[in-house]
Amino acid sequence: MANATTLEGGGWLLCSGDGVPPLALHVARAWVSRLLATRPDALLAFLVLLAVLIAWRYLFTPIEWNRSLGEVGFGHLKEERGGGRSAARERVRLCRRARLLGSLPPAFPNGWFALVDSHELLFGQVKHVSALGENFAVFREEEAAGGRVHVLGAYCPHLGANMAAGGRVRGDCLECPFHGWRFRGADGKCAAVPYSAKVPDFARAQRWSSREVNRVVFVWYHAEGEEPSWEPEAIPEVDGGQWLRKGRSTFHVNCHIQEIPENGADVAHLNVVHEPLLTSGGDLRRSGTSKGIAKHVWEASWAASREEGLEHTATMSLRHELRFLNKFLIMGNDVKAHQIGPGYVVLNIQTFLGRVIILQTVTPVEPMIQKVVHRIYGSKYVIQPFANFMFLGETIMFERDVMVWNHKLYLDKPALVSEDRAINHYRRWYSQFYSENSPRVSMKDRSLEW
Ligand code: FES
Ligand SMILES: [Fe+2]
């Protein structure tokens with residue numbers, strides 16, 4: 001049987017596990033040998049076509065990059081001692097069990113959190129999303145009913161069926177798969193009971209405030225059940241659809257939500273974690289191999305907004321340069337990262353081809369598992385190969401952070417020097433998103449099996 005073995009550079013090599021080449025490889029080899037002997041010109045044409053197709057695939061197709069929990073940031077455990085995949089998984093599992101978590105902040109802050117992207121929810125479709133300690137039924141009305149998105153509690157108030165598991169959208173309602181009761185998306189009220197003449201007033205599905213903005217569906221979470229105190233604002237080019245999405249990545253990260261946006265205030269890590277070239281990849285063990293030839297140089301500052309009504313926002317201003325021999329500028333970008341609430345960041349990047357926007361959302365799937373999604377948008381002048389290069393760079397840099405987050409201990413009293421002061425400012429700013437009833441991370445959450 002063929003299996004996949006990782007290479008030093010992070011690539012994948014098909015090889016035979018028991019010394020016998022698989023049938024497909026055998027046939028391919030025979031075909032290539034015959035073609036080489038009889039029609040070398042046809043073989044050359046085939047290889048050129050293949051190269052063009054591969055180049056097209058990687059240059060002109062928007063990147064879709066999905067990394068599951070355990071896939072990134074555990075290379076040091078997976079590769080160093082052999083023993084096959086199951087032994088590597090076991091080492092990762094034991095490492096996660098043994099991890100100390102520290103005195104964590106409450107599990108889920110208050111604010112808007114991304115549940116799905118607009119393109120993932122078609123007209124008349126319902127999806128089950130488990131996040132923030134809740135189970136949501138996210139659905140889009142049928143086109144004739146208007147196509148608005150609603151979020152209801154997944155469990156039916158009649159007998160508790162999960163309405164997102166087999167339920168159907170009927171007009172602007174969600175119909176439970178168990179006995180066919182229908183609930184309106186707008187207010188959660190029961191609209192019909194198929195076998196009863198009377199619709200009970202008391203039957204109401206839990207309704208969650210939601211917004212579809214910038215092609216993302218957000219839900220409002222508040223531990224005290226308060227109504228939204230601010231709104232995720234529309235970015236006209238993205239929300240209106242003038243700009244195309246030029247790439248998207250999804251990561252599952254093993255840490256508390258507060259750790260991820262803290263990166264923006266932790267300016268000192270930039271010239272350590274993100275200095276080495278992208279060729280060093282996302283594994284921190286290999287970072288630094290490019291030092292001396294060229295490197296990324298970062299200058300950054302972080303500040304919470306003092307403007308009335310914008311207290312839930314903060315801005316990181318960043319100058320990024322790629323320098324050759326520490327002298328010659330190869331390229332430079334100015335970035336403004338707006339942190340909007342506890343789990344949403346909008347990065348504005350000024351490039352020589354025009355403005356690019358990256359939307360980052362962080363949603364707690366569990367107290368110590370975060371789903372992080374990045375989407376890149378740009379005008380038609382930001383050509384796809386350039387967007388792919390930028391997005392790939394951003395993704396590799398992010399993987400380096402994931403390796404830190406997956407293993408770190410949260411210190412509520414870190415040993416900071418004065419140059420780290422923005423971290424304290426950030427933590428004070430972030431604390432506004434917790435309230436009295438915010439759920440705490442209990443000892444049972446230390447069981448981090450998956
Ligand atoms: S459980 Fe939903 S209709 Fe009965
Ligand atoms: Fe970082």
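**Exercise 1.** In this predicted model, find which element gives the largest share of the lining of the second largest pocket.

*Solution.* 
Step 1. List the elements that give two or more residues to the lining.
Step 2. Pick out the largest share. H8 gives it, with 8 residues.

**Exercise 2.** Describe the second largest pocket by its space, its central residues and the kinds of residue in its lining.

*Solution.* 
Step 1. Start with the space. The pocket holds about 780 Å³.
Step 2. Turn to the lining, which has 34 residues. Nearest the pocket's centre lie Trp 298, Leu 318, Leu 347, Glu 394 and Met 397.
Step 3. Sort the lining residues by kind. There are 21 nonpolar, 11 polar and 2 charged.

**Exercise 3.** Work out how the open sheet with E4, E14 and E13 is put together.

*Solution.* 
Step 1. Write down the order. The 3 strands run E4-E14-E13, with antiparallel pairing.
Step 2. Strand E4 (111–117) and strand E13 (210–213) each pair on one side only.

**Exercise 4.** Trace the pairing of E13 with E14, and find the bridge partner of Arg 211.

*Solution.* 
Step 1. Count the bridges. E13 and strand E14 (residues 216–221) are joined by 4 and run antiparallel.
Step 2. Look up Arg 211. Its bridge partner in E14 is Phe 218.

Terms used: Residues numbered from 1 in each chain as written. Chains lettered and ligands numbered in written order. Predicted model: local features only at pLDDT ≥ 70, side-chain atom pairs only at ≥ 80, totals over all residues. Heavy atoms only, no water. 1 Å grid on protein atoms, 1.4 Å probe; cavity = no way out; pocket = protein on both sides within 12 Å on 5 of 7 lines; lining within 4 Å. Points joined across faces, edges and corners; volume = space filled by probe spheres on them. Nonpolar A, V, L, I, M, F, W, Y, C, P; charged D, E, K, R; others polar. Pairing = 2+ DSSP bridges.
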